Amino acid sequence: MKQDRFLLGILIGIGVLVALALALFFTRKDTTLTYGPEDTPEGVVHNYVVAVFQRDYDKAYGYLAEKKDKPTLEKFRESFLQNYVSPDNAGVDIGAVAFSGEKAFVTVYIQYGSGDPFSSGYRNEERAVLVKQGGHWKLEQMPSNFWAWDWYQPTPKP
């Protein structure tokens, strides 16, 4: 009789945990990425990251600066599709902005997950470089998870 009550207590406890888990699942905050304003350097960085995560490469390409040796849209898209640039296992936090004339430097924190359940991962502080062109902020450089090393580099001639 005493064992039946103990078993019943365990089953009720499991039921409460399942109900709590379901409640948390259905009431959790929606973390869908959304675009924000584009009139600040940090807004441009945010929108570029959102476009890359949503695989909207045409929109992301529109945030690149018009400079010599800018990659073509096809080369830009292929960099992501061929995994030369792979942001998939990184989280992003956007930090402070510093201005120097027509340039802006945005601190970008890249959060990497760990490979095991006992580690918390690690975080790198990097920066994005933007330039003002035609009254709009455009990207010249981003951290390597979001930017190929050969963009804006001269193409070698055979």
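Which residues does Asn47 touch, not counting residues up to four places away in sequence? The first legend answers this.

This is a predicted model, in which local features need pLDDT of at least 70 and side-chain atom pairs count only at pLDDT 80 or more, while totals for chains, interfaces and linings use all residues. Residues are numbered from 1 along each chain as its sequence is written, and side-chain values use heavy atoms, with hydrogens and water left out.

**View 1**
Asn47 sits in helix H2, residues 41–53. Helices are DSSP runs of H or I with at least four residues, strands are runs of E with at least two, and both are numbered from the N terminus. Asn47 is buried, at a relative accessible area of 0%. Buried means under 20% relative accessible area, exposed means over 50%, and partly exposed lies in between (1.4 Å probe, protein chains only). Leaving out residues up to four places away in sequence, Asn47 touches Tyr35, Gly36, Pro37, Glu38 and Tyr63. Contact means heavy atoms within 4.5 Å.

**View 1. Helix H2 and its surroundings.**
H2 is mostly covered, with ten of its 13 residues buried. Among them are Val44, Val45, Tyr48 and Val49. The buried residues of H2 pack against helix H3 (57–61), H4, S1, strand S2 (103–112), S3 and strand S4 (136–141). At 1.5 Å a residue, the 13 residues of H2 should span 18 Å, and the end C-alpha atoms are 18 Å apart, which agrees. The expected span is 1.5 Å times one less than the number of residues. After H2 comes Arg55, with a positive phi near 60 degrees.

Side chains of opposite charge can pair when their charged atoms come close. A salt bridge here is a side-chain nitrogen of Lys or Arg within 4 Å of a carboxyl oxygen of Asp or Glu. The structure holds nine salt bridges. One of them joins the side chains of Glu66 and Lys70, at 2.6 Å from N to O. Glu66 is exposed, at 56% relative accessibility, whereas Lys70 is buried, at 16%. Another salt bridge links Glu74 and Arg77, at 3.3 Å from N to O. Glu74 and Arg77 both lie in helix H4 (residues 73–81), three residues apart, about one turn of the helix. Glu74 is partly exposed, with a relative accessible area of 44%. Asp58, Glu74 and Arg77 are linked in a network of salt bridges.

Arg123 forms a salt bridge with Asp93, and the closest N and O atoms are 3.8 Å apart. Arg123 belongs to strand S3 (residues 122–133) and Asp93 to strand S1 (residues 90–100), so the pair ties together parts that are 30 residues apart in sequence. Arg123 is partly exposed, at 45% relative accessibility. Asp93 is partly exposed, at 40%.

**View 2. Strand pairing through S2.**
S1 and S2 run antiparallel, joined by nine bridges. Two strands pair if DSSP finds at least two bridges between them. Val97 has Val106 of S2 as its bridge partner. The hairpin of S1 and S2 has two residues between the strands, and Gly101 there takes a positive phi near 65 degrees. S2 also pairs with S3, in the antiparallel sense, over ten bridges. Here Ala104 stands opposite Leu130 in S3.
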